[in-house]
Amino acid sequence: MGLLFLSAHEGRLVRFGRVTDPTWRPVSGSLEDLADDADWEDEIEDRPGKRLDRLLDERARRAGGPPMYLNVNSTYWRSRTQARVLLIASDSGVMSVIGVGNCTTQVRRSWAGSAVVKLTDRIPFPEPVPLVTIVETTTPTMRHVVQRMFNEEESRVIPAKSLQAIVDALRPILPGVDQIMADLPAFPRRGKFPLNRLARRDASQTALRLFDPGWRNLEPVSTPPAPTPLALRLESVASALQPTRPPRENDVIAAETAGFLDWDAAGHAFNGWFLFRSGERQLLVKNINFQPEEPKTGADLVYVRSEPHSVVLVQYKLLQSDKGSHEYYFRDDGRLASQVDVMLKFSEMHAEALEIDPLRPTAADEYRISPDIGFVKFVEPVQPSQNGDQMSMPSGRYHPARGVLRMLANPTKGPGGGDRHVVSQWRSLDGETFAKLVRDQWVGSIGDVTRKLFEILELEPGGPVYLAVEEPQRSA
């Protein structure tokens with residue numbers, strides 16, 4: 001455990017949940033700023049036009065509210081440190097312990113002598129406990145040690161003996177301190193991530209990344225409502241076309257959900273659908289993992305946007321490397337070529353739609369910079385790094401389907417004489433550029449092509465497909 005020193009303002013946030021800014025004026029009819037506080041999104045069920053004050057007064061399900069990020073001395077915070085901390089802040093000019101919390105090192109820049117820690121779960125004490133009172137109650141043998149740590153005001157992980165001295169001093173002042181500390185949630189478990197599941201994880205993360213720039217802070221809505229009619233319609237197209245097909249057995253996907261970031265279906269999913277909210281829009285995501293058939297779309301991720309309607313298809317492939325080499329390559333077994341052909345079929349339909357009359361009066365959001373609606377992300381076979389308490393997105397880049405077709409037609413020879421493709425030699429998009437192009441509707445299907453895709457989304461691949469449906473939030 002450790003000590004985390006907060007500013008007076010941060011201390012008030014911990015104690016009271018929020019601090020009102022009387023100068024803030026939201027844009028009329030929007031939920032500006034709330035979109036940045038992803039941990040509060042579960043609570044926002046009203047549409048714009050309702051009183052924002054009441055929305056802001058809602059407490060987040062997570063103890064204490066959205067995460068807080070604090071700069072600390074990197075000398076005392078190693079990479080990937082997870083620590084329960086006593087929270088210390090000024091209260092009416094008196095330094096006090098105001099509560100307990102969980103924090104994790106997010107970024108460590110030892111050359112600058114600083115680190116950033118993320119304070120997540122926190123529980124305030126019923127009343128602040130002044131540091132001077134704790135020091136006076138500490139045993140004489142530990143008093144000077146505790147006093148020195150308090151005087152230095154350096155956030156740090158402290159030795160067990162020092163912690164015990166502080167907690168022993170707190171008990172007579174705050175009898176419930178042990179229970180308060182026990183009420184803090186446990187840290188998520190860390191471990192090696194199987195490389196053969198990187199593509200699956202990437203698909204789920206990409207869905208969130210296409211939805212919102214602050215995707216890392218999004219969390220699924222607890223006990224979500226039933227999926228929207230559009231999501232259910234897209235999921236049930238195959239059943240409607242094949243009424244004799246056996247019922248889908250793993251809608252709950254309890255075991256498979258572990259591949260969808262780190263959330264369990266229990267309490268977070270409705271028949272396998274996870275719901276995320278940001279601002280005025282919401283995202284429904286489901287891992288479809290059923291019959292061993294070739295996908296009708298050629299994709300592992302089908303991202304569907306409503307109002308305006310648009311579809312983007314993404315296929316994921318894991319790269320290989322020779323032993324002792326850091327040059328990654330892809331060797332096609334014929335499957336990628338066929339999957340790209342399927343995606344290109346829709347891209348060609350899309351190109352025809354774009355060329356019907358390029359100057360025709362139409363909605364501004366129908367302009368696209370490319371007819372490609374299909375992309376392939378080649379994932380590097382590298383264990384994802386741990387960014388604090390979050391696993392980073394698998395490394396790799398996005399290639400338009402037409403570019404992949406050219407690459408497949410021009411292989412290079414490996415040491416053994418076999419054909420392979422060094423994907424780094426071909427033009428590609430980094431993850432954020434690709435996500436922004438999708439979010440801003442520079443790529444994706446339009447018009448009749450979108451309607452056609454809606455009709456044939458049978459989603460029956462030999463492995464999981466993530467179906468992501470983005471829509472405006474609706475009033476109940």
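At 25% relative accessibility, Asp 91 counts as partly exposed, a class that sits between buried (under 20% relative accessible area) and exposed (over 50%), with a 1.4 Å probe and protein chains only. Asp 91 is joined to Arg 15 by a salt bridge whose closest N and O atoms are 2.8 Å apart; the term stands for a side-chain nitrogen of Lys or Arg within 4 Å of a carboxyl oxygen of Asp or Glu. Arg 15 belongs to helix H1 (residues 8-16) and Asp 91 to strand E3 (residues 82-91), so the pair ties together parts that are 76 residues apart in sequence. Arg 15 is also partly exposed, with a relative accessible area of 25%.

The model is a predicted one, in which local features need pLDDT of at least 70 and side-chain atom pairs count only at pLDDT 80 or more, while totals for chains, interfaces and linings use all residues. Residues are numbered from 1 along each chain as its sequence is written, and side-chain values use heavy atoms, with hydrogens and water left out.

The average pLDDT (the predictor's confidence in each residue, from 0 to 100) is 75 for the protein, and 70% of the residues score at least 70. Strand E1 (residues 2-5) has the highest confidence, at a mean of 93, and helix H2 (residues 52-57) the lowest, at 38. Over residues 238-259 the pLDDT stays under 50, and the model has 38 contacts there beyond four places in sequence, a contact being heavy atoms within 4.5 Å. Residues 290-295 are likewise below 50, with 20 contacts beyond near neighbours in sequence. Where pLDDT is low, the predicted coordinates should not be read in detail.

As for the overall architecture, the protein has 12 helices and 20 strands, taken as DSSP runs (helices H or I, at least four residues; strands E, at least two) and numbered from the N terminus. Of its 476 residues, 50% count as buried. Among contacts between residues at least 6 apart in sequence, 72% join residues at least 24 apart.

In helix H10 (residues 401-408), Ala 401, Val 404, Met 407 and Leu 408 are buried. Seen down the axis of H10, these residues fall within an arc of 110°, so they line one face of the helix; the arc is that of the directions from the helix axis to the C-beta atoms. Tyr 329, in strand E13 (residues 328-329), is buried at a relative accessible area of 4%. Beyond its neighbours within four places in sequence, Tyr 329 is in contact with residues including Leu 319, Asp 322, Arg 420 and His 421. The C-alpha atoms of Tyr 329 and Ser 424 are separated by 8.2 Å, although the two are 95 residues apart along the chain. Lys 377, in strand E14 (residues 374-379), is buried with a relative accessible area of 1%.

Returning to charged pairs, the count comes to 12 salt bridges. Arg 171 takes part in one with Asp 168 (2.5 Å, N to O) and in one with Asp 178, where the closest N and O atoms are 2.7 Å apart. Arg 171 is partly exposed at 32%, as are Asp 168 at 39% and Asp 178 at 34%. Elsewhere, Arg 148, Glu 152 and Arg 156 are linked in a network of salt bridges.
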